[in-house]
Amino acid sequence: MAAPGENLRIDGDRLWDSLMEMAKIGPGIAGGNNRQTLTDEDGEGRRLFQEWCEAAGCTMGLDTMGNMFARREGADPDALPVYVGSHLDTQPTGGKYDGVLGVLGGLEVVRTMNDLGIKTKHPIVVTNWTNEEGTRFAPAMLASGVFAGVHEQDWAEAREDADGKRFGDELDRIGWRGEEPVGERKMHAFFELHIEQGPILEAEGKDIGVVTHGQGLWWLQVTLTGKDAHTGSTPMEMRVNAGLGMARITEAVHRIAMEHLPNAVGAVGQANVYPNSRNVIPGKAVFTIDFRSPDLEKLNSMRARLEKEAAEIAEDLGLGIEIEPVGHFDPVTFDPGCVSAVRDAAERLGYSHLDIVSGAGHDACWINQVAPTAMVMCPCVDGLSHNEAEEISKDWATAGADVLMHAVIETAEI
Ligand code: HGY
Ligand code: MN
Ligand code: MN
Ligand code: MN
């Protein structure tokens, strides 16, 4: 199959304008975005994406988890489509590019093929996966997980946010539940363009990350039960302090990850003490541990070590303890054929590139279980993400979308 010519390039200005336009929806308080899944802002972002896709001649499909599929016809309507895409939902203090670059980069590929009258054999489908972030409804990559058959839909729809609202009810409330059953679509391949969210590509001066693998992950929700009491009049030896237990376990998470280096990370990102009053010893603490490693043995060793130490800490402080796994996936190896298409595209286009392991989780990690899948990464400034100061350059976005387009066209065949 002839590869596309290296002069075939996307329109970087148009992509950048679309990114900035989408960023106006659900603005954060410091220049980033707060467009959390299934909020009104998410609904607005979906509407804008659908409008743009229909203006580009695509027909929009929607499944019962709210996953969006904008289809551009191919020369062979029966050929399995090549899918591209990512997610439009953001962290509460998210950036303008995490996820969004992959969705709008996919749309830019369609727009460019329209401009140049390119017709691929396989249809192309641009996707927006619901609730990739997992910040409002745990776990992350929830709807792509249901699509890949990893999660039961009933379980996913029953997930609740901090206010006790159910995923399924919120999906209905914003009016983005489709008719199409989840997971029946078959894919020829799936490509996801995403910012690196780490410092490697920028530090190495590389334009493109050729993602060969993805880290595995454990999310463990810990509930400690102690006893509310007066912070002034309760003698130290009588205290059953859940907040103290949380602090010691949080330190243990960090220490255990450090002891598993290289290629291991661990932190507590979400933490709540109750009743959270200045002069009450916390009788309850609920927090989530995030362990990751590309090495399955290390990943499981960190979990086992932590569960042992946490039990000892709880016993020492007289606390009740419950540890519930709320998210997990094994390390991912992406499809070598699709990875080569990404690497060859970067080479052909004259972009510097580096094979890289994804530190973050992505919808591609689940779709990789049901279709040949690979990712294209671009650098981000100071490797910063999940922070409103997340930043990329137009050149980086353009290079990433150029490579995405070439990998897609080569796979979808002209
Ligand atoms: O947690 C992750 O890695 C992704 O950003 N949801
Ligand atoms: Mn993301
Ligand atoms: Mn993210
Ligand atoms: Mn083919």
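Helix 3 (residues 100-116) and helix 12 (residues 394-412) cross at roughly 60 degrees, and their axes come within 9 Å of each other. Helices here are DSSP runs of H or I with at least four residues, strands are runs of E with at least two, and both are numbered from the N terminus. Axes are lines fitted to C-alpha atoms, for helices over the stretch in contact, with angles running from 0 to 180 degrees between N-to-C directions. The model is a predicted one, in which local features need pLDDT of at least 70 and side-chain atom pairs count only at pLDDT 80 or more, while totals for chains, interfaces and linings use all residues. Residues are numbered from 1 along each chain as its sequence is written, chains are lettered from A and ligands numbered from 1 in the order in which they are written, and side-chain values use heavy atoms, leaving out hydrogens and water.

Helix 3 and helix 12 are therefore oblique to each other (angles under 35 degrees count as roughly parallel, over 145 as roughly antiparallel, 65 to 115 as roughly perpendicular and the rest as oblique). On the helix 3 side, Leu101, Gly105, Gly106, Val109, Thr112 and Met113 make contact with Ala397, Ala401, Leu404, Met405 and Ile409 of helix 12 (contact means heavy atoms within 4.5 Å). Of these residues, 8 are nonpolar, 3 are polar and none is charged; Ala, Val, Leu, Ile, Met, Phe, Trp, Tyr, Cys and Pro count as nonpolar, Asp, Glu, Lys and Arg as charged, and the others, Gly among them, as polar.

Helix 12 also packs with helix 10 (residues 336-349), at an angle of about 120 degrees and with the axes 8 Å apart. That makes helix 10 oblique to helix 12, and this crossing is right-handed. Ala341, Val342, Ala345, Ala346, Arg348 and Leu349 of helix 10 meet Asp402, Val403, His406, Ala407, Glu410 and Thr411 of helix 12. The contact of helix 10 with helix 12 comprises 7 nonpolar, 2 polar and 3 charged residues.

Next come the metal sites. Donors are N, O and S atoms within 2.8 Å of the metal (3.2 Å for Na, K and Ca), and water is not among the atoms, so sites may look incomplete. Asp98, in the loop between strand 3 (82-86) and helix 3, and His194, in strand 5 (residues 189-195), are 96 residues apart. Asp98 is buried, with a relative accessible area of 5%, and His194 is buried at 1% (buried means under 20%, exposed over 50% and partly exposed in between, with a 1.4 Å probe and protein chains only).

Asp98 bridges the manganese ion (ligand 2) and the manganese ion (ligand 3), which lie 3.5 Å apart. The protein donors of ligand 3 are Asp98 (OD), Glu133 (OE), Glu133 (OE) and His386 (NE2), lying 2.1 to 2.5 Å from the ion. Glu133 and His386 are 253 residues apart; Glu133 is buried at 5% relative accessible area, whereas His386 is partly exposed at 41%.

The manganese ion (ligand 4) is coordinated by His122 (NE2) and Glu413 (OE), at 1.9 to 2.3 Å. His122 lies in the loop between helix 3 and strand 4 and Glu413 in the segment after helix 12, so the pair ties together parts that are 291 residues apart in sequence.

Conventions:
A crossing is left-handed if the near helix is turned anticlockwise from the far one by less than a right angle, and right-handed if clockwise.
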